Amino acid sequence: MNKLKIFSIALLAFGTGAYAQDLEQAKKAIDAEQYEKAKKILKTLINTKADEGKNFFVLGNLYLTQKLEDSAKVTYEKGLLAKKEANFNYIGLGQIDLDNGNVAAAKANFDKATADMRRKDFEEFMYIGRAYMNIEKPDYKTALVHINKAKAIQPMDAQVLLSLGDAYKGDGNVNEAYSAYRNSFDADNSVLRAKLQLGVITKGSKAFKEAKAAFDNILATNPNYGPAYREIAETYYLWGLNDKAQYAAYNKLAIQNYEKYMSLTDYSLDSRMRHADFLILTKDYAALEKEANEMQKLDKVNPRILRYLGYSAFENNNPDAAIKALNDFLAKSNAKPIGRDYLYLGMAKTNKALTTTTDAEGKPVSTVDQTLFAGGVADISKGVEMDPAMANELNDIGKKFFDLKLYNEAAAIYEVATTNPDSRNFLYDNFYLGYALYFGNVNLEEGQTIDPAIVAKANTAFANVIAASPTTQDAYIYKARINSLLENDAVAQAEMVKNYEDFIRVVTEKGPEEMAKPANKTKFVEAYNNLGIHFAKTDKAKAKEYFQKALAIDPTDETAISTLKLL
């Protein structure tokens, strides 16, 4: 959730009398994230004070916060016709230009906004700075340039200092941001947003207890300040991620505080969407589906609602509904898809592709619709390509197919997962990719031979495991095993020999206790026998030595006994 989008339409009290009071009410409603309430106030002001250009500007900013660019543009253009302070609307049009990548047009609009500024005017610079912060790809350094111009003219204005804090925070300068927020609150202690941001910075440093206390302090001043409850909710959520023993308890508190926040908003589509985003974080998919259906009653056009319906349908075991909702979402021209959208669509398709029945003996039998499965893997791959962090999510999916002994399908999932070397499961996913490629090809039907490309993939996967964890002994033996399947390939046979020898070395280096484990004894016999068979054609003395080592571990081993007789 981008807090800076909320700050983009923070207001100053303009004018005096009833006009100022109404604008102040709109300002407070916006700061409390009660956007529909603020919109009604601002529309009333426009109807009664059509000559005031700032009314249009503030409403246009609110539309941009709600991602309603067309409505914002129309509002700004009407505001340019106002008799007073129409110039602010050029700033709004400039922000739209920036978001559309038209830097030259944006600068031209900003120049128009500042052309007739008087010596003591400063708000234009502040709002231009906000425009650079509130675009899809913020430019905080340019924002700082403009906001510092406003600060030079009005150094103690609370809203300028708040904007300065936002810009420093976005630019990664936490110390300067903290100082600016503190100065903003000192300049005007009714600016609770500045105090809220102090708590947000504390939360960002993982000082969760102190952050919670800071938000509680705000609520002691104003118990109805909704954003503080939202921040407490997010604090508990992060706290739970960092304290696994308390995860369930803190997640529950997070949801409770978010519900409190929602009760203090106007339940607009915007607040419901923020709620939906939080429900995804806390994995409350039953509540997400309910919220998505409520949003659909308010707006049957907004594509994000289809995203929420798709996510929740998948998590609630309804892949058909998930596929429909996400396909409908991606078909929208204004959808702006992210990697997770394709990840969920792919997961829904791979789930639907899998059918498990029972045979005559009551044993489970799993079959896969290969066309649907391949489509799902393609979507998952696109999701990871768009957002490499999605690779973190694939481990459980691959493991599900692996456990069902659907090794080729598992390998397809793990192959996508291992495209991101920074994935937290990179080692584990590579291990299971190699495993799956081996088990999927070790029992081929008579006449079939393993594809060398599969062996190459397995070699790479096990090599990645070995590079990250050189003492993982099973990586060596499985690397040896899959290369042994290419019996007539000299390179593969050499790789087999090397890895059997490396397995023996790694286990031996771990000491007698590791060597004495029954599973390792069996693998030692396997390694010695395969090495003996390999060298039987070229070095009979060495081959005999290996078979004798096998018999030293298991004197009854038939392979070693029979081959020694032949030698």
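Biologist: Is A411 buried or exposed?

Modeller: A411 is buried, because its relative accessible area is 5%, where buried means under 20% relative accessible area, exposed over 50% and partly exposed in between, with a 1.4 Å probe and protein chains only. This residue is found in helix 23 (residues 407-417); helices (H or I, at least four residues) and strands (E, at least two) are DSSP runs, numbered from the N terminus. The model is predicted, so local features need pLDDT of at least 70 and side-chain atom pairs count only at pLDDT 80 or more, while totals for chains, interfaces and linings use all residues. Residues are numbered from 1 along each chain as its sequence is written, and side-chain values use heavy atoms, with hydrogens and water left out.

Biologist: Which residues is A411 in contact with, leaving aside neighbours within four places in sequence?

Modeller: Contact means heavy atoms within 4.5 Å. By that criterion A411 is in contact with L433, A436 and L437, leaving aside neighbours within four places in sequence. A411 and D429, 18 residues apart in sequence, are 9.4 Å apart in space, C-alpha to C-alpha.

Biologist: How is H146 placed, and what does H146 touch?

Modeller: H146 lies in helix 9 (residues 140-153) and is buried, with a relative accessible area of 15%. Not counting residues up to four places away in sequence, H146 touches F125, I128, G129 and Y132. Helix 8 (residues 123-133) is mostly covered, with 11 of its 11 residues buried.

Biologist: At what angle do helix 26 and helix 29 cross?

Modeller: Axes are lines fitted to C-alpha atoms, for helices over the stretch in contact, and angles run from 0 to 180 degrees between N-to-C directions. The axes of helix 26 (residues 473-484) and helix 29 (residues 518-535) come within 12 Å and cross at roughly 35°. Q473, D474, I477 and R481 of helix 26 make the contact with N520, K523 and E526 of helix 29.

Biologist: What is the volume of the second largest pocket?

Modeller: Rolling a probe the size of a water molecule over the atoms shows where empty space is left. On a 1 Å grid over the protein atoms alone, a pocket is an open set of points where a 1.4 Å probe fits, with protein on both sides within 12 Å along at least five of seven lines; lining residues have an atom within 4 Å of a point. The second largest pocket has a volume of about 710 Å³, a volume being the space filled by probe spheres set on the points, which are joined across faces, edges and corners. Of its 25 lining residues, K283, R340, N392, E393 and R424 are the closest to its centre.

Biologist: Which helix supplies the largest share of the lining of the second largest pocket?

Modeller: Helix 20 does, with five residues.
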